[in-house]
Amino acid sequence: MIFHQQRLKSILYGALALGIFLTGCSDRREDPPLEPKREIVIGLNPSERSEKTQQNADLLATLIEKKINMPVKMFVAQDYSGLVEALRAHTIDFAFLAPVSYVHAERIANAVVLLKAERQGSPFYFGCIVVNAESPYRTIEDLQGKQIAWVDPSSASGHLFPKSALIEAHYNPDSLFSKQVFAGGHDAVLLSVINGTIDAGATYANDTLGESGSWTQLENGELKEKVRPIFFSKPIPGDNISTSQYMIESYPDLVEKVKEAVATMHLDPEGAEIMRSMYHVDAMVPATSQDYDPVRRAAELLNLDITGKIRENDIEQVEKNQRNTLYSWLLIAGTLLFGAGVITTQVIRKREREGVEVRHGNQNDHEESPPIAGAQFSLRNLHVTFTDRNSAKIPALKGISIDIFPGEFLAIIGPSGGGKSTLLRILNRAVEPTDGRIFFHEKEVSHIHGTALLKLRRNIGFIFQQFNLVGSISVMRNVLTGRLSTVPVGRSLLGLFPEEDIAYARTLLNEVGLQEKEESRASDLSGGQQQRVAIARALAQEPEVILADEPTASLDPILAESILTLLQKINRERGITIVANLHSIELARKYGTRILGLRAGHLVFNGSPKDLSEDEIEKIYEASSNNNAL
Ligand code: ADP
Ligand code: MG
């Protein structure tokens, strides 16, 4: 309503001005007096936490209202192009814009920047490439042949700047990475890296030390220790608040007042709090168009269409480039793997013939037997030792030898710190064994990396105690992220998933009992429902194993049972192996087809539920002061 009235008014005044001009009223040189504004409308960019944006927008409006003595309306746009279009049509008077959208808005909507964001004393932020903290990748070279997730094509920190920084450092992203996808948001990038569906991701950082960035700010800082930043872009001028040339010419005083109100917002504790929670901004400081030259240069370097939309032919081009790269990469990888395979096999055979121990190991040598035929996983005298920050060695697994067979529901129990999580993470090779060997279908995967590791992980779904969903996006999109590594390159942005993927995701949501919730925001669901979404996401990967790390520890007992019943159904009907860490002996007995007991890194029980006697339980959980005896 308001917008229409306003637009109508500007049309009327336009017509009036034209009429005056045409009738040649030269004695009336002044423009018709503009009606004073009764309210202003400020547009917001959709932040990755849009539910918070909506909430805080009203608070922000109230604060600005107080300062300028005029009603303030907030308009939360669906996307950046909607925001720029609204500015162009004068349906909004001011807009909070990300750097790339600003450069675009300047071009097509005569936008004029007023103030830019300052975070931790700096008006710049950075693009950054992060990897899983558990991965061995430390440099860009380590990412050769790996997959990367960008945020979206027009994201400065999540695409434009890190990619152009790679190019400036003489890397060609199209040949460096085996695949590039757009995850749609900073949180989606982080969770894909943390969940292991992608090797690396681009996101924002507030410094180049790796101390502050999306991983310390999103999801209440829970992702902090889970990623490792390995590469930083040049500084990016901060996001800003802009107005239009039309506003500056028509209402210069009002523009000044709003600018002043926003520039002093951080001085008021309430204002400071809102800015921090909306955009993690500490203050808004004066800015000029030239501040955004680095953005223009980066866009030029990438030949990017800064409208922020991806054009269909771009997608085709990216896919074509990627296919060509992929083919040559596969050819090289295939040759290398074949070569390496032949060499390894020959060396092992030769050493076996010579009676040399193929592996080193100081105990349980009798367990250094080859993997059992038909086993899905075989672990042989496997050790994992972590090194903490003070370089202290922390043994987490000590000489584990087990076989896991297709279709089992394996329940792992044991006291906290016993090594349960580490055992799961060694199975999807999120950690590397310090010693010993791990086989998947009789093939050694102890130290694989790159494409081979990705291939392994694609077969393995992972479910976490904290669900690890992207709260701000729909249930459907969360499930679809399970297909990130299978969708064609360049198509993973919202709406670009193939129809059959969407149909498959729907089947899965049906299977987990959430057919009605497809469009709901994940964070609006209950804990039990969120875990069901996480299960559907794992299934979307079409895995042969699902690893579940205390999947019910955050749920009440009834929901816990319903989640385990669902996993049991998936196990029985789809034949998917389940390996679950459980905190309850009762649940382990009820759902496990076999139980493993871990204490202080040792396997102290391996048997059927009925063999788990009170004595055995005591052995598993006996006081940790006795652990050293083992
Ligand atoms: P559980 O899941 O049974 O509680 P974990 O596998 O998490 O046990 O941990 C086993 C041991 O390894 C603990 O002493 C833990 O502190 C240590 N540990 C686990 N992960 C790491 C890590 N990334 N860095 C250092 N120590 C770790
Ligand atoms: Mg654990």
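**Close-up 1. Ser164 in helix α5 of the predicted model.** Ser164 belongs to helix α5, residues 156–168. Helices are DSSP runs of H or I with at least four residues, strands are runs of E with at least two, and both are numbered from the N terminus. Ser164 is buried, at a relative accessible area of 5%. Buried means under 20% relative accessible area, exposed over 50%, and partly exposed in between, with a 1.4 Å probe and protein chains only. A polar atom of the Ser164 side chain lies 2.9 Å from the backbone oxygen of Leu160. Polar contacts are pairs of N or O atoms within 3.5 Å; within protein, one must be able to donate a hydrogen and the other to accept it, and residues adjacent in sequence count only if both atoms are side-chain atoms. With neighbours within four places in sequence left aside, Ser164 is in contact (heavy atoms within 4.5 Å) with Ala298, Leu301 and Leu302.

**Close-up 2. Strand β5 and its two partners.** Strand β5 spans residues 124–132. Eight of its nine residues are buried, so the rest of the structure largely encloses β5. Strands pair if DSSP finds at least two bridges between them. Eight bridges link β5 to β9 (residues 227–237) in the antiparallel sense. Here Phe126 stands opposite Pro235 of β9. β5 also runs antiparallel to β8 (residues 200–205), with six bridges. In β8, Ala200 is the bridge partner of Val131.

**Close-up 3. The shell around ligand 1.** The residues near ligand 1 (a heavy atom within 4 Å of it) include Glu134, Phe386, Ile394 and Lys420. β13 (393–404) and α14 (420–427) each supply at least two shell residues. α14 gives the most, with three. The shell divides into four nonpolar, six polar and two charged residues. Ala, Val, Leu, Ile, Met, Phe, Trp, Tyr, Cys and Pro count as nonpolar, Asp, Glu, Lys and Arg as charged, and the others, Gly among them, as polar.

**Close-up 4. Backbone contacts to ligand 1.** A polar backbone atom of Gly417 is 2.6 Å from an oxygen atom of ligand 1. For a backbone N or O atom of Gly419, the distance to a ligand 1 oxygen is 3.0 Å. For one of Lys420, the distance is 2.8 Å. Ligand 1 alone exposes 560 Å², of which the protein buries 69%. Areas come from the Shrake-Rupley method with a 1.4 Å probe; for residues, only the protein chains shown count as cover.

**Notes.** Residues are numbered from 1 along each chain as its sequence is written, and chains are lettered from A and ligands numbered from 1 in the order in which they are written. In this predicted model, local features need pLDDT of at least 70, side-chain atom pairs count only at pLDDT 80 or more, and totals for chains, interfaces and linings use all residues, while side-chain values use heavy atoms, with hydrogens and water left out.
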